[in-house]
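Have a look at the sequence and the model first, then read on.

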Amino acid sequence: MRDFVAKTAIGGTEPKRDVVGPLTFQEREDVALASVSARLGQEEAVKARLQTVCGVPAPDAGQWEQGETSSLHWLGPDQYLCEETYTGPLELARRMAVEFAGIASVTDQSDVFTRIDMTGQGAIDLLQRLTVLDVEQMQAGAFNRTAIHHVGCLLRCNEAGTDFSIYAPRSYAISVHQMLTEVVKAL
């Protein structure tokens, strides 16, 4: 029998944490993600249900909202990404599928994206070199798609100028992490 070793998306046995200059990068393996896409004609019903289920209103375009236990991110017209603390494989997606039965399509995204939190002074300088977004103008609550090192990612602003979360595709997490930690050395 083979001895398999579970690895994080960045390749460690524990979530990776790097402090490079003024910035700290923390891989997050403790979050569950599920996308919710409203079915045609059910857009308002989905928004109302999101408020009930997640405890926060459906965010406007380019925004995210934080609740007590859930956060919601705008992915596109009538499409949202729900994030909660990881409690087990497919737990969030299964619960959301029951809550949104018949009005939305729910897909587990926990193993699709890897969240990397980046905090500290210099975050703006780094992101200006790696994205096309006007990150200097991003305020807390902003959430956008962008490319980082030619990889499609999601970028969340937690605190203007110093606190961001990057959602990189799991299969590219090592490349995105390496680009972040290498480019910051040149700042």
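A residue counts as buried when its relative accessible area is under 20%. Phe143 has a relative accessible area of 2%, so it is buried. Keep in mind that this is a predicted model. The notes below start with an arginine, move on to an aromatic pair, and then take in the strands and the cores.

- Arg156 sits in strand β10, which covers residues 151-159.
- Buried or exposed, at 4% relative accessibility? Arg156 comes out as buried, because 4% falls under the 20% cut-off.
- Its side chain makes a polar contact of 3.0 Å with the side chain of His73.
- Arg156 also lies over the face of Trp64, 4.0 Å from the ring centre.
- Leaving out neighbours within four places in sequence, the contacts of Arg156 include Glu83, Arg115, Asp163, Phe143 and Tyr167.

**The aromatic pair**
- How many aromatic pairs does a search of the whole structure find? It finds one.
- That pair is Phe143 with Tyr167: the ring centres are 6.1 Å apart and the planes are at 75°, so it's edge-to-face.
- Phe143 belongs to strand β9 (residues 143-148) and Tyr167 to strand β11 (residues 163-169), so the pair ties together parts that are 24 residues apart in sequence.
- Tyr167 is buried too, at 0% relative accessibility.

**Strand β8 and its partners**
- β8 (residues 113-119) is mostly covered, with six of its seven residues buried.
- Strand β2 (residues 23-28) pairs with β8 in the antiparallel sense, over five bridges.
- Opposite Arg115 in β8 stands Arg28.
- β8 and β11 also run antiparallel, joined by seven bridges.
- Ile166 in β11 is the bridge partner of Ile116.

**Nonpolar cores**
- The largest nonpolar core has 29 residues, and those with the most contacts inside it are Phe25, Met118, Leu126 and Phe164.
- Elements that give two or more residues to this core are β2, β8, β10, β11, α3 (123-130) and α4 (173-183).
- Which element gives the most to this core? It's α3, with five residues.
- Leu126 touches Leu23, Phe25, Met118, Leu180, Val183, Val184 and Leu187, if you don't count residues up to four places away in sequence.
- Another core lies apart from that one; it has 19 residues, among them Ala34, Ala58, Leu72 and Leu92.

Terms used. Residues numbered from 1 in each chain as written. Predicted model: local features only at pLDDT ≥ 70, side-chain atom pairs only at ≥ 80, totals over all residues. Heavy atoms only, no water. Helix = DSSP H or I, 4+ residues; strand = E, 2+ residues; numbered from the N terminus. Buried < 20%, exposed > 50% of the residue type's maximum accessible area, 1.4 Å probe, protein only. Polar contact = N/O pair within 3.5 Å; in protein donor to acceptor, adjacent residues only side chain to side chain. Contact = heavy atoms within 4.5 Å. Phe/Tyr/Trp six-rings, centres within 6.5 Å; stacked < 30°, edge-to-face > 60°. Lys NZ or Arg CZ within 6 Å of the ring centre and 35° of its normal. Pairing = 2+ DSSP bridges. Core = buried A, V, L, I, M, F, W, Y, C linked by side-chain atoms within 4.5 Å.
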